[in-house]
Structures are given as C-alpha cells and as structure tokens.
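Hello,

Here is the structure I said I would pass on. Please open it alongside this email; my notes follow below.

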Amino acid sequence: MGSSCNGRFSALILISMTPPPSRVGVLISVFIMSLLLCISAPCMQSPAAALIGLTRSEKYNTDGGNPCRLSFLDTGSAAIDFGRIYHHNPAAILRPVSAEEIARFLRAIYASRALATGYRQEYLSVAAKGAGHSIHGQAQAPDGLVIEMSALRGVCIHVADAAAGGYSYADVAAGELWVDLLAETMKLGLAPRSWTDYLYLSVGGTLSNAGISGQTFRHGPQISNVLQLDIITGTGELVTCSPAENADLFYASMGGLGQFGVITRARIILEPAPQKVKWVRALYSDFEQFTRDQELLVSIDDGAATVDYLEGFVVVNNEAMRSWSISFPAAAPLDDSVFNDAGTEILFCIEIAKYFTQSDDETADVDKVTGRIISRLTFIPGLIYSVEVPYADFLNRVRVEELNLRSRGLWDVPHPWLNMFVPRRQIQRFTTSLLKIMSPDTVKGPILVYPVKRSKWNTNMSAVIPEDKDEIFYAVGVLRSADPLCLAGSSCLNDLLSQNQQIIDLSTKANEIVANDKTTDTGMGAKQYLAHHSYEWQWKNHFGSKWGIFLQRKARYDPLNILAPGQRILNRNRP
C-alpha cells in the first residue's frame, strides 16, 4: 500500500511547532503530526478537511474504508466512571477501529517531544477506558486523550488437539467484555477458568489490575491465565509479548495499572466448560470458625473433593440479609430473626460452588462430594442453603443484583469501594478494626472476605500482594454504595472516603518494628487492590520492594509519562 500523505507540509510543520493555547490545540497538533508521520492507513482527505471534520466530531475514512472518530465534543462521558467520585474531562476522545490507530497517535505524541525543542510543550496524557468500571478516576485523562476501547472487539478461539496436547485459548480484543467472551466460548463447550464477580468488565481493564473472584485460590487471578498480549507502549511501539517473548513487558503489563502500554489483545487460557453448578451458602456466628473453614476448603487438593469456587462475606445488617437472596435462588432467611436466633449482631457466610455436567451419574457424585465437604464445616446448624443453576447463570449472578439496583435507581450512584489484600495472621484484627470504623447499621453493599493463595500469583508481574510470606492471604472488598444524594464533593460521601482512608492508614503500615532488640507488631502489612493514592511517596510504599523495578519499566516503556495519568503514580512535570 503506497503512502497517501500529501498537502501543505510547511504549513503543517508551522502549526505543529506553534505552542498551542490549550490541550485541544495540543491534540490538533498531534493529529497533524500523525498525518505527517505517514504511518499506517493515512487519511485520504486533505489535512484541512480532516481538521474541520475532527472538530465537528465527524467520521473520517482511512484508505481501507473503515471509519474512526476523534471527538473534541461531548467528552463528558469519559469523565464518568462507576465510582462517580472524580470527574475530569479529557480534551478529546479517540474511538479507534484498530490497534494501529492507537499506535499512530502515541507515536505522534512521543515524536512531538523532538519537534518541541526550545518551546514550552505540554505532553498529552493518554488513558485507555474499557467498560468504565473504575472507582477513583483511574481511566480518566484530565485535558488529555481518552481512548475508548469498546470499539476494539472480537474473539478468535483455538481448540487444542487432544492428541497434541496444549491449551485451548481465545485471542480476545481488549475492548471485549468478559460476559461476551463467555457466550462465545460456551458455544464450543469451553470457558476461561478465572473470573471476576461482575462480568460486564473489559478484558483489557481487568488484566491491567489482576482480576479476582472465588476461583482465584485454584487458578490464580486472571493475569495468571494469559498466554500472550499485544501492547502499544508509551512510545507507540506495537509489541507482541509473552513469558517467552518480550517477557519484561508482558510481566510489567500484567497488573500494571496501564502504566507501560495499552493492551489491545490478550490470549486467554480456556478449559472445558461445566454445565451446572452446585451452589451452597452456610452461615456462621463466629469469625474464627468462618475463616478456619475457608482455609480448610482451599487446602483440599484431592481432585473431585476440591471446591471450584469459594468466597465469604459479612452479613452486617438486615438490609444485607434481605439482599443476599436476590441473586441466590434458594430459600433463605430474609429478616432479623436469624440474628436473634444466632444470638449475634453480625453473621458470616461461606459461599462455595462445585461444577459438574448434566449427567445423572455426575449429579449424584457431586451431591455426595458436596455432602462430604459440608460435613467438615462448623456453620450454624440448620443455616445452610443450596441450589443447582446453569454454569453461565452462576458466573453472571451479579447481573441480577445490578438489574435490581437499577430498577430502584440505586446503581448510578457513588461507589466508595475499598479493596484490600490482608495477610492471613492479620485478618481477624483487620475485620474487627473495619467494623469499628464503619457503622454496620449504615453499610449498604457487600463486604467480601475470602482466602487466596500466594503460589498462584507470579511475582514477576506488577500486581502487588502482601510481602508477608504466608501462603494464604485474604481478599477483602468493602463494596459500599452511597446514598443517591451523596454526590461528589458532598460531606456524606467525604465521610465514607475518610473511613476508607482510616482503614488504609491503619492496615498498610509495616508489619513490625524492632525496638530495644524486641520485635513489636505495629501494622498489618496489607496492600490495596485497585489502589488509589494521591502522592508518589504513597505509591512507593504501596509497591514496596517492587518500586525500583516499576521505575525502571516506566522509564523503558513510557519515558514521557504519558499513560494512565488517572492513577496519579508519578508527578507529570515535564522536562
């Protein structure tokens, strides 16, 4: 394909070199430079016509006939995320139709550094936005460029030859939602093996964090189930990477918070998909028994007797008791009589699942195995419930809760969520402190507490877990919803965020200090998952021993600090 860049080069260079009055001006200059670079699929319009079209948010066509859009208008949608706590408008939104379009823009931004010598230059920040489920504006780019990845969709499935061995896998575009990947793979009797609780998240988004749920103790987080990635670095280089090829970039990007590149494709491991799920919930009045039984369940490793999914949660009030049955289609207690009968104000629930096919023989076997597992647990007698559901319905169980909340006008509200990884030996202390800081009577939303295994995480990856060496640590999710009137900046929302910060400050201190030759516990050594910090020193503490390698990788793959500014990890002062 020949080059089609033509037009008034001298005029374009003059425009691109003139210090722009705003970030919109910077974006226009960068777009002009992307034309100058004549990289892939140049626009067939004249530059002047292209700019007019861009500022009107009109489509322009590549010489392949595919539409793309760079919009300077209606950017407010990119300033809204699930958290509804921060709202930062970008200067523009890019809706790419290919990975190469993203690469072209990033190359132009990177090249602008050389052209701007001797001038005051604002290097654009760039954030990739998937399904918009961030809590603290992590996918926002104040006055920068937001890349809406939802247009990059597609799934290509490879079914392994049974004789040859190896994995079945799916090559998945980063904008694809996990719920749609599930639908496509199930058509061939396959499915990914590690999930998140909520499936309406993008593949690129969860892999940029880790991706955890009740299968994590068995299969590790979603980032432990990826064979290969396509990534565009902060310099605009499109790289295919894996543990065997460009391994440093692969490991950097897994849980890398978008700091090292924009993921455009992932190769996800698949396994044979079960058809049915035996879904069990059991209630506890004692936290120590609740955690001891969870640790027992994750320690079972004898094939058929191993549960396929395990989560635990805290039932803190009547509302939590009533809402727990929305997605769980089995007879369950719906009022405070359970608290009274148990003689406690707070209950704890273990939720397990065992997968199986629909054959009668296997159904009978699953009932026997589940019965043997349950017989080893110490829940409150009589307070155990079970149901059989289709596998896809079980994985998509949170959707039922979402639709219920939407019908009541309680979905599009602020979500001051807090997610932590807590060392096993600190989990009771952490939970006690959490319930003291928060008022259980006013908590709206689930509190998850469940164990995962350190050995299922690859420490070469950027994802941060507690530095305590115990094999088991706990994932804790305080998934609160604010009142619809508690808008961003309101005192009621700030109070909830302040409670979160108290918990963070208390739990993330170093585990021990040495004084007078004695070792004394002072903190818990917990780490934030889906972390949010405002200052670089806080991030340094968060990454701990990984901070040095983080800085090295940042300098290597995003030397201008262009990517993911919403994470607030490094100061964006320009050289």
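**A buried asparagine**

This is a predicted model. N225 sits in the loop that runs between α7 (216-219) and β9 (226-233). Is N225 buried or exposed? Its relative accessibility is 3%, so N225 counts as buried, the cut-off being under 20%.

The side chain of N225 has polar partners. One is the side chain of R193, with a polar contact of 2.5 Å. Another is the backbone oxygen of H219, which lies 3.0 Å from a polar atom of the N225 side chain. Leaving aside residues up to four places away in sequence, N225 touches R193, S194, H219, G220, R267, I268 and I269.

**Helix α5**

Which residues of α5 (residues 178-186) are buried? They are W178, V179, L181, L182 and T185. These residues lie on the same side of α5, because they cover an arc of only 160° around the axis. Among the elements that cover them are β6 (155-158), β7 (168-173), β8 (190-192), α6 (203-207), β11 (261-272) and α13 (391-395).

Most residues other than glycine have a negative phi. Two residues are worth looking up here.

- L257 is not a glycine, yet its phi is positive, near 60°. L257 is found in the loop between α8 (247-253) and β11. With a relative accessible area of 12%, L257 is buried.
- A564 is also not a glycine and has a positive phi of about 50°. A564 is placed in the segment after α18 (547-557). A564 counts as buried, at 10% relative accessibility.

Regards

Technical notes:
Residues numbered from 1 in each chain as written. Predicted model: local features only at pLDDT ≥ 70, side-chain atom pairs only at ≥ 80, totals over all residues. Heavy atoms only, no water. Helix = DSSP H or I, 4+ residues; strand = E, 2+ residues; numbered from the N terminus. Buried < 20%, exposed > 50% of the residue type's maximum accessible area, 1.4 Å probe, protein only. Polar contact = N/O pair within 3.5 Å; in protein donor to acceptor, adjacent residues only side chain to side chain. Contact = heavy atoms within 4.5 Å. Arc of directions from axis to C-beta.
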